[in-house]
Amino acid sequence: MKISTTTADTRSACRAARLAGQRLGLVPTMGALHEGHVSLVRTAKAQSGFVVVSIFVNPLQFGPSEDLAKYPRNFERDRGLLEKAGVDLIFAPSVAEMYASAGITYVNVEGLSERLDGQSRPGHFRGVTTVVSKLFHIVEPDLAVFGQKDAAQVAIIQRMVRDLNIPVEIVVAPIVRESDGLAMSSRNAYLDSQQRKQALVLSRSLHRVEELFQRGKRSAAELIAAGQSVFAEEPAVRIDYLSVVDPESLEPIQEISRIALVAVAAYVGSTRLIDNVVLQRG
């Protein structure tokens, strides 16, 4: 496994793999890796011959009051996990390598970037799409794998790729959960034992919504109310949003006629967690 910290070395390694006839897969990450990330690597390996994982804590997607400074970082542990998973190249650039000091160019998917997480975290998705577009230009992957847990991010990146004619296939891998249902997240490391139990309210609320949908409920308002009633059982957890939206446009829908994304974000203590479920009529 090769480790690169520069754009030039990464481009050179990817070019050599491409000339050797290998299909390139990219898994963008911010490090602090867990089994969810490893599942993305497995998906990339199953569909490509040369897998690149980027590790970059992107400052552009953090707001001024968010957790950039304390975001968990453990490169040696991440390196060991990725080597064991069979990754070919880790791209771990510095902030200076990724962003010129006088850089003024950004990529923004207007409209979508202001919904869900974008509404409560202004500028977050502009940071995501800017860094992902840079990674696409550096690696030039045939496919890139993202997790369903970040459903809004997936929708926005898919739209960016379509609008800008970027020749990459976006592969979406399912959410990986702990045995008790909590969606795996690097931010779970912030939770103490009591908060860890409280955090289960996110998956419980989605399970309740899914259960009612399977019983025939189609009204978004009724489903949201049911999910909110589950949150009422954990008053220490504060809902940021619980929304029923179109999975592509992220626009709210009133009645589920075909498919819907139920997305939730909530604060457990000072830690903000997200989760979601896709509902689809048979």
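## A partly exposed aspartate and its partner

Aspartate 180 is partly exposed, at a relative accessible area of 38%; here buried means under 20% relative accessible area, exposed over 50%, and partly exposed in between (1.4 Å probe, protein chains only). Its side chain meets that of arginine 196 in a salt bridge (2.9 Å, N to O), a term for a side-chain nitrogen of Lys or Arg within 4 Å of a carboxyl oxygen of Asp or Glu. Aspartate 180 belongs to the loop between β6 (169–173) and α8 (193–198), and arginine 196 to helix α8, so the pair ties together parts that are 16 residues apart in sequence. Arginine 196 is also partly exposed, with a relative accessible area of 23%.

## Basis of the description

The structure is a predicted model, in which local features need pLDDT of at least 70 and side-chain atom pairs count only at pLDDT 80 or more, while totals for chains, interfaces and linings use all residues. Residues are numbered from 1 along each chain as its sequence is written, and side-chain values use heavy atoms, with hydrogens and water left out.

## The chain as a whole

The chain has ten helices and nine strands; helices (H or I, at least four residues) and strands (E, at least two) are DSSP runs, numbered from the N terminus. Its C-alpha atoms fill a box of roughly 55 × 40 × 40 Å along the principal axes. A compact globule of 282 residues would have a radius of gyration near 19 Å, and the value for the chain, 19 Å, agrees. This radius is taken over C-alpha atoms, and the globule rule is 2.2 Å times the number of residues to the power 0.38.

Buried residues make up 53% of the 282 residues. Among contacts with a separation of 6 or more, 72% join residues 24 or more positions apart, where contact means heavy atoms within 4.5 Å.

## Further salt bridges

Side chains of opposite charge can pair when their charged atoms come close. A search of the whole structure finds 19 salt bridges. One of them joins glutamate 83 to arginine 79, with the closest N and O atoms 2.8 Å apart. Both residues lie in helix α3, four residues apart, about one turn of the helix. Glutamate 83 is partly exposed at 43%, and arginine 79 is partly exposed at 24%.

Another salt bridge links glutamate 222 and lysine 217, at 3.2 Å between the closest N and O atoms. Glutamate 222 has 42% relative accessibility and counts as partly exposed; lysine 217, at 37%, is partly exposed as well. Shared partners join the salt bridges of Glu76, Arg79 and Glu83 into one network.

## Aromatic rings

The whole structure contains two aromatic pairs. Rings of Phe, Tyr and Trp (its six-membered ring) pair if their centres lie within 6.5 Å; planes under 30 degrees apart count as stacked, over 60 as edge-to-face and the rest as tilted. Phenylalanine 56 and tyrosine 99 form a tilted pair, 6.0 Å centre to centre with 50° between the planes. This pair links distant parts of the chain, 43 residues apart: phenylalanine 56 is in the loop between β3 (50–55) and α3 (75–84), and tyrosine 99 in the loop between α4 (95–98) and α5 (117–120). Phenylalanine 56 is buried at 7% relative accessibility, and tyrosine 99 is buried at 16%.

Phenylalanine 62 and tyrosine 71 form an edge-to-face pair, 5.8 Å centre to centre with 75° between the planes. Phenylalanine 62 is buried at 10%, as is tyrosine 71 at 7%.
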